[in-house]
Amino acid sequence: MASFQSIMKKYPSLLVILLNFQTLLALYEDQVGKFDWKRSFIGKVKYAHFDASRIIVGTEENIIASLNMKNGNILWRQLMENPKEQQLMLLHSDRDLLSVSGTMNNWFVRTWDHQTGTLLSEWTIFSDKNIPSVFTVEKGTLLHIFPTQNSHLDVVTYNLDGNNQKNTIKIPAPWITDISNCVLSKSYYICISKNDISGQLYYVNILSEKPKVYIKTLHSVLGDTPDLIEILPFEDIFPAFLLSSNGQAKVIHVDEDVVNTKIFKVMPNAVSNHNGEKPFIYQLEPASNPDKLVQIRVKDYATCQDEMATELEYPVGLGAPIIIATATKNTLTDVLLSTTDNAFMLVRLSDGKIMWTREEALSNIIAVEFFELPVSELDASIENEFKASSNSILSMLSHRLNTQAKQLSTLIFGEHPMSSSGLVRDAFGLHKLIVVATSVGKLFAIDTLSGSIVWSYRLPNVKPFSILGEDKILLFAQRTARYAPLPAQCILIANDKYSGNGVIFQFDPITGYSQKGIEKLNYQIAQAIHLPYEDDQHLKPVLMISSTNEVYLYPSCAMGEVYKYTSKLYTYLVDNTGSFKGYSFIHSTKDKLKMTPSWELQLQPAKLVAVKTKHPNERVHSQGRVLPDRSVYYKYVNPNLIAVATVSDDPVHKHVLSVYLIDGVTGLILYATSHKRSRGPIHLVHSENWIVYSYFNERFRRTEFAAAELYEGHVQSNSSVFSSFAVSLLPHVQTQSYILPATPLSVTVTLTERGITNKFLLAGLSGGGVIEIPWLLLQPRLNDIPCSPEESCIPYMPEIPLPSEAVINYNQTIGRIDGIEVAPARLESTSHILVHGIDLFYTKVAPSKTFDMLKEDFDHMMIILVLTGLVISSYLTKYLASKKALKQMWK
Amino acid sequence: MANKTQNLRTKWSLDSIRTNRVSAEALASPPGYSSSSVNSNAEVSKKTDVSRLINKKSWDIALAPLKQVPMNLFIMYMAGNSISIFPIMMVGMLFMKPLQAIWSAKTTFKMMETSNAILQMIVYILGNFVNIGLALYKCHSMGLLPTHASDWLAFVEPPTRLEYLGGGMILN
Amino acid sequence: MLCYLSAFLVISLNVQKSYSSNIEYDGSVTIRLQHALVASEDPVFTDRGNVTVHSLRLGQATINQRPLSPDEQLQLRDLAAKNHFYQLKSIVTANDGSQKTFLSTVKACMLAESELDDRLSVSIDYMGRVIAVTSIIASKSTCEGAVVSLEKLKHFTTSVYVRHTEPGPIPDTASYIQKLEREREAKEKGEVKDNRSFLAKYWMYIVPLVIIMVVSSATNPDAQQGSQ
């Protein structure tokens, strides 16, 4: 209106204020940390240097970080390239921190500031040789050594004092037979020709003016030993190495022509330390006291006498440690240990106390499962009332009186110590336990409210499965904690590291206790199916299919129960050539389950990229979509649908993405679509009656999202029962496509208990944020229906807006997002989200706002006061009014 | 009888020529005029008047709801078809008035002791039902009646699945 | 009922024909059909017939199947009565001579109840290669065992549907930009000013008021006159 505009022109400040009014979907500042937490990790430590009160570490995840020496917290952290492509080759701490990371052909050499971790300089090294190489820094020059077997050593030196001048030296070395028999120490390259006493020792000083190769026989160095000899690196101020045989090693010094063997024997993991008053050698060995596991023995460097042996309070569940670095300050010596299960700890040597431990296995999570906690004892006793088996009134009355007396006593006298163990369900079921399995074979249970580790369990010799290039371990919740006194049960299925056969680990997720331990199977597992049928112990059995198509049931006593359902069970197996085979169990007998082929289809020569089915616990609440003329457009919800994405190489279209929707019981392809000139990475989400997939469009060079939704029509074909065999019509597919202005690393959809709330797609972006995209924004619009807010339809926008309030982890950037896990909460409006990658982030998401909860600052007191005030005043007024009327009548 | 009526008349009439009553009485009545017949006629007409009046009144009451129908139609047209406070209040009123009238139909007709009281009561109740029908039609045009499939969508149970599928990519 | 369903299925499957103009490939394939009429873990497949798809692009196919012998009819009836599965194996030979084998299963009782009226869905990927051959029965519900008389189980009436891979959707930026431009132009032109007279704008409210006043005064003066 004209008047409004004129007001705006007169008061620009008013305009500014009004324009900045927007609905706040973001968190308030004081809500930070209330229902989310973040844990940062760095990965398995490879190199470590002590620096004043800090420890600078370089890890196998291609990360450099600085840790606080007192508590192990991260002061700064720098994430470099993806560790699958580039590895950290060297970390050298001098005036500046120098790091070399790269692959076979190119490396980045970077210098960092010790205190702040800022990047000071970066330059690259290229090479066209495809041989593994070694780096070292010596006397201000960076040496890059290429050992070519049976031929020569190529050494490229870079002057690190500013100009990075390159110099190439070639040293003929036909004696290099096996690179694993060679070490680099200071500027000497040392090899042994054979692993037994008849071999020879060759070494050359690379930095000398005229590099000369010295040859010594191993016999002259070591004396006579019948065992196999191994050469190991040894950190020392002089060029030195270890020759180890039969579990004991000797320290050997080389200096031009002189080879000096130290007489004493050390463990192969020994480390020398020269920054105290006297040089010492530290080594780890099993403790003599059977209660403690590990002890550190200190030996004098010069005389090789045992100075002392300190026993460590080593926790039982951790793997075997190795010493990464040591430092002595005044009289205190600190030792950094890294274990086989990626934990990292600092030990103070005077008393053998472990100052802090970092569980770095959590930087590589591959399986997540959420568990509900058992109810508190009091609530359990209330529930037991209804389960009372005796029907006599007197016993029920006495039980109820008993429970209520207990409740009264807890109310008056405070909490019973037993029930406040902490791991009980809270009012809304938001206190859950997250069980995670890591790639190193370690299980952790994390509390959702605090983010602390409740228990951890190390599974030795366990290796994950590898599917489509990713590691995977199967975790199934066989029984929840609802059926007290039966304990909750979870089963983990993985591979044995050495034999390749399957391994089962059954445990109670609330306490971590396992009755049977790790059970090794004698067959290779091809697939495992978690059946939805409970046996009389409320346990859901797991069906395991071996690579020879034999079927096993775990626990095997559930066979009788499962046999009832064999006519309804179907399974499918996909191999990585793209051939899909479906099987049925119809020929199973009462004692043995048998799998017979039912259908087969082949997608070759396309390369499989994603195979997704719906989440087994997902419920679809509304069976159709309401149209403006009040008729219903029914959804086609097929619980047996498999969504498959393949990418094929094409000479004309470069890459072609094909997406298929296959019914898993009959093998019928319901929908097939292809996108030309599109390549991966493909992220596929399959839920309810729709799929959403993201791909990179090479023609326009942007990431696109495509959504496809399946509908039956205006009439439901069969409203009571769904069977994949009864195909009365093919579903109508509505599709639409959008542009995403970011690169997604992982996409999931929220899940709620009843499926009533709206759905949000959670996309983890490469920038470290996780963005929530409402499904209504992506839902394919129907052509003949006008789109307006009345039909809860957002008009089509080809580009998905990414407002900053939609980032659920506000400013807590998560490095290298690997996966997002979702679990329904007992409240219909919320879902639990766990984002894992290098870091771990947990939060709760409410896509339709928390419609089933009162807001947090709901004023209970005021409402009660006002109500009581009004009631009292109304009675008072009634009394006064009647008195007045009476008085009036007397006049 | 004539004296009584005359006394009544003299009691309540504000005739200023009261004193002339005697002379009026002395005059002979005209031939063919008998005072008694006039009085009896008046009495009979009054009796029938009263009953006819009561009948008429009760018919009025019985037909009142039907007379309200055009007025209600007009109010409904004015109120409009959107869901906001005014139309809902109107619909509520249209509903409640006939319902209350039906509830209190018995008491309304208790006073009427005419011959066709039952018929009148039936007509009255029917009239109220017509009003309720109008209110229902208004609800229907506002879209409040659950006549379409989409209104029962929330109660549709998801179909049970006959086959269970498990499996995936081969794990090794 | 069944013919209504089959018509529906035919229509939905025939929608594929509209995409034939976008398809670059063409070719013909021959499919050899074999079926297993005895339920066992290692079924023995016997010849049923063969299908020649003349043009993959247009979806034209000819089928020739021989009728079932009385033994086979008995076997099929037995399968249907015991609620077992009927398996179909298809060996597809493409233009270049490569062969692929596919397997498909239907419930035998459904096949019997439909009197051997099944539909073969031959799915093709974007290049024109056959990726699946599935046999389905058009029906609204499944059965759990059915007994059908033998005469009806003699001849197969099979229809072949060639189902292509549709091209996927593309973000529709052009129409969105047009819509934005239209909205911008509409805003720039400004709203049409409401220049009509006061009466023309508000007659909707004035007329009922007048009527109500008239009606109420009509009733009131009448009442007043009546009482006097």
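Start by selecting P605(A), which lies in the loop between strand 46 and strand 47 (607-612) of chain A. This is a predicted model, so keep that in mind at every stop.

You'll find P555(A) in the loop between strand 43 (551-554) and helix 6 (559-563) of chain A.

**Next stop: where chain A meets chain C**

Colour chains A and C separately. How many residues of chain A are in contact with chain C? It's 55 residues of chain A, and they touch 49 residues of chain C. Between them the two chains bury about 4200 Å², and 60% of that is on carbon and sulfur atoms. On the chain A side, pick out Q602(A), F725(A) and L730(A): these lose the most area to chain C, together 14% of what that side buries.

Show the side chains of K594(A) and E41(C) and you have it, with N to O at 2.9 Å. Side chains of opposite charge can pair when their charged atoms come close. If you'd like to look at polar contacts too, the interface has 19 residue pairs of that kind, both residues being at pLDDT 80 or more.

As for the make-up of the chain A side, its residues divide into 28 nonpolar, 21 polar and six charged.

Stay on strand 52 of chain A and bring in strand 9 (residues 166-167) of chain C. The two run parallel and are joined by two bridges. To see one of the partners, select T673(A) and then E166(C), its bridge partner in strand 9 of chain C.

**Back inside chain A**

Select K38(A) and D839(A). Their side chains meet in a salt bridge, N to O 3.9 Å. The pair links distant parts of the chain, 801 residues apart: K38(A) is in strand 1 (residues 37-39), while D839(A) sits in the loop between strand 62 (831-836) and strand 63 (840-845) of chain A. Over all chains, the structure holds 32 salt bridges.

Click on F50(A) and then on I55(A), its bridge partner in strand 3 of chain A. What is there between the strands of this hairpin? Two residues, and A52(A) takes a positive phi near 55°.

For another positive phi, jump to L468(A): it has about 50° although it is not a glycine. Look for L468(A) in the loop between strand 35 (465-467) and strand 36 (470-472) of chain A.

**Last stop: a disulfide**

Finish by selecting C182(A) and C191(A), which a disulfide joins with S to S at 1.9 Å. Turn the view to look about the S-S bond: the link of C182(A) and C191(A) is right-handed, with 105°. If you want to keep exploring, a search of the whole structure finds three disulfides over all chains.

Key. Residues are numbered from 1 along each chain as its sequence is written. Chains are lettered from A and ligands numbered from 1 in the order in which they are written. This is a predicted model: local features need pLDDT of at least 70, side-chain atom pairs count only at pLDDT 80 or more; totals for chains, interfaces and linings use all residues. Side-chain values use heavy atoms; hydrogens and water are left out. Contact means heavy atoms within 4.5 Å. Buried area is the accessible area (1.4 Å probe) that two parts lose on being put together, summed over both. A salt bridge is a side-chain nitrogen of Lys or Arg within 4 Å of a carboxyl oxygen of Asp or Glu. A polar contact is a pair of N or O atoms within 3.5 Å; within protein, one must be able to donate a hydrogen and the other to accept it, and residues adjacent in sequence count only if both atoms are side-chain atoms. Ala, Val, Leu, Ile, Met, Phe, Trp, Tyr, Cys and Pro count as nonpolar, Asp, Glu, Lys and Arg as charged, and the others, Gly among them, as polar. Two strands pair if DSSP finds at least two bridges between them. Helices (H or I, at least four residues) and strands (E, at least two) are DSSP runs, numbered from the N terminus. A disulfide is a pair of cysteine sulfur atoms within 2.5 Å.
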